[in-house]
Amino acid sequence: MAAQKINEAHEHIAKAEKCLKTSLTKWKPDFDSAASEYAKAAVCFKNAKQYEQAMEAYLKEAESHTENKTLFHAAKAIEQAGMMMKEQKKMPEAIQYIEKACMMYMENGTPDTAAMALDRAGKLIEPLNLEKAVDLYQKAAGVFENEDRLRQAVELLGKASRLLVRLRRLDDAAVALQKEKNMYKEIENFPMCFKKTTAQVLVHLHRGDFVAADKCVRESYSLPGYSGSEDCVAMETLLQGYDEQDEDQIHRVCNSPLLKYMDNDYAKLAISLRVPGGGAKKKKAPASSPGGASGAPAEEEDDYEGGLC
């Protein structure tokens, strides 16, 4: 079966080359027919699992389409060449081809197709290279944003933000989250604004910037429905616990369902949050303990010890 497909592929390549030849009676190469034959050859090679030859056929198809001024089809062929590189486990090269295809989609005036291809490329490279995936998701988001497709843009920004947190690039994550939040506000998805505020607070506290975390909550009071909401109360309680170095209070908030069931990267930030200095949870003071400065707060916490944890 594979041998038959390979022979069939070579027949299509021979036909394509014939289409490109000129003569006294044929002054111009037939690029359209050549592209069609190269495409058929590529599929045959692909079915025979001859991915290197399939890639070469797709690239020749792209050349013919380019000569024929059909950039969209040329970009599609280059993207397929990238997928053949992926089949050969050559991911960096695969991404390069897909990015080249995206530039051609943009040049052709089909930015949506470019953005979707960048998103696909991000998914492909994410298991191997988080940094590159962030770059691709942000580029895709930028293309959608320029087209005023904010819902698609903000979804891709969200992917980038989560990966920045995973990479511990928290300064960049804080910037990305603010952009996400602004975009959700623009499309009036206020419940998502609440969630992004919570993510911002966690990121800023891990950065050691209490002032920035507090500012995020205060700014969110202007969002319809935020003040007094579950998200708002949780963040006020968390910030109070952080400010007072109350490890128990932080533990209760960060282990509540509201935070534990966030996207995994943010949930990890929540459960790993500690008071400045990394102090241990407050312990109950013995009944006979003197009510000194260090004993009083511990006794105040007795009613809550072991509570919502």
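Figure 1. Leaving aside neighbours within four places in sequence, Leu136 is in contact with Ile95, Glu99, Leu118, Ala121, Gly122 and Ile125. Contact means heavy atoms within 4.5 Å. This is a predicted model: local features need pLDDT of at least 70, side-chain atom pairs count only at pLDDT 80 or more, and totals for chains, interfaces and linings use all residues. Residues are numbered from 1 along each chain as its sequence is written, and side-chain values use heavy atoms, with hydrogens and water left out. Leu136 sits in helix α7, residues 130-146. Helices (H or I, at least four residues) and strands (E, at least two) are DSSP runs, numbered from the N terminus. Leu136 counts as buried because its relative accessibility is 0%. Buried means under 20% relative accessible area, exposed over 50%, and partly exposed in between (1.4 Å probe, protein chains only). One of its contacts, Glu99, is 37 residues away along the chain, and the two C-alpha atoms are separated by 8.8 Å.

**Figure 2. Ala57 in helix α3.** Helix α3 spans residues 51-67 and contains Ala57. Ala57 has a relative accessibility of 3% and therefore counts as buried. Not counting residues up to four places away in sequence, Ala57 touches Tyr38, Ala41, Ala42 and Phe45. The C-alpha atoms of Ala57 and Ala77 are separated by 9.0 Å. Along the chain, Ala57 and Ala77 are 20 residues apart.

**Figure 3. Aromatic pair Phe72 and Tyr105.** The structure holds 4 aromatic pairs. Rings of Phe, Tyr and Trp (its six-membered ring) pair if their centres lie within 6.5 Å; planes under 30 degrees apart count as stacked, over 60 as edge-to-face and the rest as tilted. Phe72 and Tyr105 form a tilted pair, at 5.5 Å centre to centre and 55° between the planes. The pair links distant parts of the chain, 33 residues apart. Phe72 belongs to helix α4 (residues 71-87), and Tyr105 to helix α5 (residues 91-108). Phe72 counts as partly exposed, because its relative accessibility is 26%. Tyr105 is buried, with a relative accessible area of 0%.

**Figure 4. Aromatic pair Tyr221 and Tyr226.** Tyr221 and Tyr226 form a tilted aromatic pair, 6.3 Å centre to centre with 45° between the planes. Tyr221 counts as partly exposed at 36% relative accessibility. Tyr226 is buried, at a relative accessible area of 0%.

**Figure 5. Packing of helices α9 and α10.** Two packed helices are described by the angle between their axes and the distance between the axes. The axes of α9 and α10 come within 9 Å and cross at roughly 165°. Axes are lines fitted to C-alpha atoms, for helices over the stretch in contact; angles run from 0 to 180 degrees between N-to-C directions. The two helices, α9 and α10, are therefore roughly antiparallel to each other. Angles under 35 degrees count as roughly parallel, over 145 as roughly antiparallel, 65 to 115 as roughly perpendicular and the rest as oblique. α9 passes α10 in a left-handed crossing: the near helix is turned anticlockwise from the far one by less than a right angle. By class, the contact of α9 with α10 has 10 nonpolar, 5 polar and 4 charged residues. Ala, Val, Leu, Ile, Met, Phe, Trp, Tyr, Cys and Pro count as nonpolar, Asp, Glu, Lys and Arg as charged, and the others, Gly among them, as polar. In α9 the meeting residues include Leu170, Ala173, Leu177 and Tyr184. In α10 they include Phe190, Met192, Lys196 and Val203.

**Figure 6. Lys196 in helix α10.** Helix α10 covers residues 190-206, and Lys196 is found there. Lys196 counts as buried, because its relative accessibility is 5%. Lys196 touches Leu177, Glu180, Lys181 and Tyr184, not counting residues up to four places away in sequence.

**Figure 7. Helix α15 and Asp265.** The buried residues of helix α15 (residues 264-271) are Asp265, Tyr266, Ala267, Leu269 and Ala270. They pack against α8 (150-166), α9 (170-186), α10, α13 (247-254) and α14 (257-260). Asp265 is buried, with a relative accessible area of 9%. Asp265 touches Arg162, Val165 and Arg166, not counting residues up to four places away in sequence.

**Figure 8. The whole protein.** There are 16 helices and 0 strands. Of the 309 residues, 43% count as buried. Among contacts with a separation of 6 or more, residues 24 or more positions apart account for 56%.
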